[in-house]
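Have a look at the model, then read on.

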Amino acid sequence: MISFDQEKHVFHLSNNKVSYLMQVEEDNILSHLYYGPALPSYSNLRKYPRMNRSFSPNLPDAQNRLFSLDTLPQEYPTFGSGDFRTPAIQVRNEDGSYALSLRYDYHKIMNGKPDLTGLPQTFGENSETLIIFLKDSFSNIQVQLNYTIFQNLSGIARSVQVHNHSIKTIQLEKVSSVSLDFAKEDFELLHLPGGYSRERMMETTKIPYGSVKLTSNRGASSHHQNPFFALTRPHTTESTGDAFGFLLIYSGNHESIIEKDSFDQIRTQIGISPLNFCWELTPGNSFQAPEVLLTYSNHGLHELSSTFYEIIENHLVRSNYKKQERPVLINNWEATFFDFDHARLARILDRAKEIGVEMFVLDDGWFGHRDDDRSSLGDWFEYPNKIAGGLNHFSQEVHDKGLKFGIWVEPEMVSEDSILFQEHPDWILKVPERPAAPGRDQFVLDLSRQEVQDNLYHQLKKLFSSIEIDYVKWDMNRNMTDIFSQRLTSSKQGEVAHRYILGLYDLLEKLTQEFPNILFESCAGGGGRFDAGMLYYMPQVWTSDNTDPVSRIKIQYGTSIVYPISTMGAHIADVPSHQTRRNTSIETRSHVASSGLLGLELDLAKLSIHDLNMLKEKIRFYKENRTLIQFGYFIRILSPFENNDAAWSFISKDQTECLVYYFQTLQQPEPAFKPLKLRGLDPNAIYQNESGEISASGAELMHLGIWVNQQKHGDFYSFALKFKKIGEINNEHTNDTLGK
Ligand code: GLA
């Protein structure tokens, strides 16, 4: 899959889907030639044109005014000797200069993928890796670029390592995990901005001249900007158009740059955010930047998402549960908040059992003397009498009813009112002599410190082994401020935010490996850390604290651009919604929640028999279709970002089953009749819905569609249609593939 043309000095990574080309140019500069649909061969057509441009310096050869770094597309550009665009790396040398001239030195090709110690990463046997070593011969700084290509996937994983082979210490002020230059092309930018309770709202914008910076400096990948973007051709749809996706496998601060220069070329970068970042690299040491996953589709967004899903599910998530059906759970948070005792939990448990729930999750408030959100974080043990009979007893009670038992923890935080804080006030992120900013009355523990990690490890290990726990919700409920470690020297303070994430990854690695039978769900005030880094340790994420179905349609749709359904927790909650005060039917709430990993989050003891029966039926239906939903093909049909309605479907891998959900936002007076055209079906198969009312070929369902809006149903109406293949048409049709 990887070749090097000795004559043309061209690297070619290719499989049946994509090609990626680079060339060693004048003075051993590594240029970027091409990334896109697979090419069977390369004839040097892309050699970048040479042209004299005013104000473009002519390093390396003063006599050759036709060549300049200012315009050349490059693989890992630096600043200061001719290229005025954003550099991929910034190094401050001991003499105060920022000089760095990277030149191709040598390369290696290997089967598989080298290990990125301590960081989340993709894996896979059917892969090959090209390692290119660039070197600054003045300073002896070496930059190692890794490119892994997977068989049959239009995905390439890239990462960067910096080695200090000099005798002087350098400061790394920026190390982008990828830099990718595109020659003049017509692109738009698709990304997933948002905020608390409205995560991953899709936005597609024009790319202006200058640079667009997408960033999180919150110490977490954040609700506000997912570490992902894509370049798409204008008018790219679900099934047509080119799309280039970039996904950082990292959970901390990040920055993406999309820069359009005066020659209409586009430079893209993604990596750790350089704000407040500075890594002291002493002689003989190396720095490993997080990995980036590049995906490409020339059939629109569906194919882009499918590639992400396939890589995340098969080459990133490691949990025992990755291929297992996930249980229907009930979580007591929105049911009780902090106001619970044993009797209240037991009443919910009884009802949960009756309606077919499979796991009971005890959320915040079971530990220390935590009766509100002001205390006890850090003390991961129960006080006597918090829950009558104790936690162990309650876990047994849950298990005796035939349900699994799960628990909530927020290990990275500490309350001032806790034993841990009283014993170790210096364990938080805080600048000496200055007050630390509280958030939700809590402080961030300094996970860059080994003793902090060790303490949490021992406390959690004890908790997970002394009680029968099947599931853990790992929360993180504020962002990082006062980024200073009381353990590190002044020259290392720029490393703290990244060292924190490395410490967190270490802790998660230990606990998830030691407790492989626990199903871990990641959470950060909902979806504040919904990223590929966390998925390496925990196979699912609490998508958002917003459980209002109308908001959730957009949140889940936006999330699905990158992340598979098997990663998205979705719960049926009470009305009016705690987040929006909106009233919606059980039908609509369950249709939205059943489009993810279904859970319930409401006080069942307060529901009428009628509502309980409805929930029971919804849970039964979900279980019947669970494999289809959690592991089938997910197909977006109508975007809530473009319409007053939305629709999506789940199709079994053999195309014999299809479950469609349609959601209307506001009822229009005298609405147009609208055909809902399904996608991804076998055109020659005959499908029938459960009531037998609709019976049509896949081709008809896809090209003629099903009428919606035939009646006025009111706001927030939704329906589900389940089709099964009941036969085949014999005449010849052209084959329609998934997503088209
Ligand atoms: C966060 C989570 C919620 C809940 C609360 C408990 O906000 O996202 O689901 O667990 O914390 O404090």
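**Notes on a pocket and the ligand site**

1. The lining of the second largest pocket has 26 residues, and Asn689, Tyr717, Phe719, Ala720 and Leu721 sit nearest its centre. A pocket here is an open set of points on a 1 Å grid over the protein atoms alone, where a 1.4 Å probe fits, with protein on both sides within 12 Å along at least five of seven lines; lining residues have an atom within 4 Å of a point. Elements giving two or more residues to this lining include helix H11 (609–624) and strand S38 (718–728), and S38 provides the largest share, four residues. Helices (H or I, at least four residues) and strands (E, at least two) are DSSP runs.

2. Keep in mind that this is a predicted model: local features need pLDDT of at least 70, side-chain atom pairs count only at pLDDT 80 or more, and totals for linings use all residues. Numbering starts from 1 along each chain as its sequence is written, and side-chain values use heavy atoms, without hydrogens or water.

3. Which distances separate side-chain N or O atoms from ligand oxygen atoms? For Asp545 the value is 2.4 Å, for Asp363 it is 2.6 Å, and for Lys473 it is 2.7 Å. The protein buries 96% of the 300 Å² that the ligand exposes when taken alone (Shrake-Rupley, 1.4 Å probe).

How values were computed:
A polar contact is a pair of N or O atoms within 3.5 Å; within protein, one must be able to donate a hydrogen and the other to accept it, and residues adjacent in sequence count only if both atoms are side-chain atoms.
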